[in-house]
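Please look through the sequence and the model shown below before reading on.

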Amino acid sequence: MPRKEQGWVTFQTSEEERKILEEFCEQYQRTKTEILRELVRSLNQHSPLPISLPTKQEKQEDIYIQKLEIESSIQKKSLKVSSRNILKGVVKRVILGAVNSEVTLEIIQKVELTSIITRASAEELELSEGKEAYAVIKSNDIVIARE
C-alpha cells in the first residue's frame, strides 16, 4: 500500500530547516513526528494565517523568529488535568539533586506542600523560588504543574 494511503506526509526541507527541527526536537526531547503532529493539530485552534513560502533571500533572523513562534504555540497549551485536587501556590524552595528534586510550594501563608519530582521535570517546568505552580494531588502523590 502506498505511503500516501497509509497517512504518510512527506515534504522537502532545506538543510537549515532540518537543522532547526532537529535542534527543537533535541531541546524538548520529542520526536519529529510528535512535534509536527502537534503543529498540524494547532492549526485548527488558531485563526487562519496567510501562508507564505520562504524564498532563498530569507534571512537567518526570519527563520529564528519562525522557530520561536512554533515553540510558543506548542508551549502555550492550556493545562488540563483529571485530578480534582489542584492547589495553586508559589515555589518556596527547590533543592536539585543528581536525579530527583525536592520542590516546596507555599499554598497559603505557613501552609506548604513538598513533592519529590525528577530533576528533568523540575528543569523543564523552570521551577524557581517565587514562581507560581500547582500541586496536583492524586492519592498519595503530589504532582507539580505550571502554566
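## Terms and overall make-up

Helices (H or I, at least four residues) and strands (E, at least two) are DSSP runs, numbered from the N terminus. This is a predicted model, in which local features need pLDDT of at least 70 and side-chain atom pairs count only at pLDDT 80 or more, while totals for chains, interfaces and linings use all residues. Residues are numbered from 1 along each chain as its sequence is written, and side-chain values use heavy atoms, with hydrogens and water left out.

The protein chain contains 4 helices and 5 strands, and along the sequence these follow the pattern α-α-α-β-β-β-α-β-β. Of its 147 residues, 18% are buried, where buried means under 20% relative accessible area, exposed means over 50%, and partly exposed lies in between (1.4 Å probe, protein chains only).

## Two packed helices

Two packed helices are described by the angle between their axes and the distance between the axes. Here helix α1 (residues 15-28) and helix α2 (residues 32-42) pack at an angle of about 100°, with their axes 9 Å apart; axes are lines fitted to C-alpha atoms, for helices over the stretch in contact, and angles run from 0 to 180 degrees between N-to-C directions. That angle makes α1 roughly perpendicular to α2, a term for angles of 65 to 115 degrees, whereas under 35 counts as roughly parallel, over 145 as roughly antiparallel and the rest as oblique.

On the α1 side the contact (heavy atoms within 4.5 Å) is made by Leu21, Glu22, Phe24 and Cys25, and on the α2 side by Lys32, Ile35 and Leu36.

## The largest nonpolar core

A nonpolar core is a set of buried Ala, Val, Leu, Ile, Met, Phe, Trp, Tyr and Cys residues joined through side-chain atoms within 4.5 Å. The largest one has 9 residues, among them Val91, Val103, Leu105 and Ile144, and β2 (100-108) and β4 (132-138) each supply at least two residues of this core.

Leaving aside residues up to four places away in sequence, Val91 touches several others, including Thr104, Leu105, Leu127 and Ala133. Thr104 has its place in strand β2 and counts as buried because its relative accessibility is 0%.

Lys110 is in the loop between β2 and β3 (111-118), and Glu126 is in the loop between α4 (119-124) and β4. Lys110 has a positive phi of about 70° although it is not a glycine, and Glu126, also not a glycine, has a positive phi of about 55°. Lys110 counts as exposed at 76% relative accessibility, and Glu126 counts as exposed at 52%.
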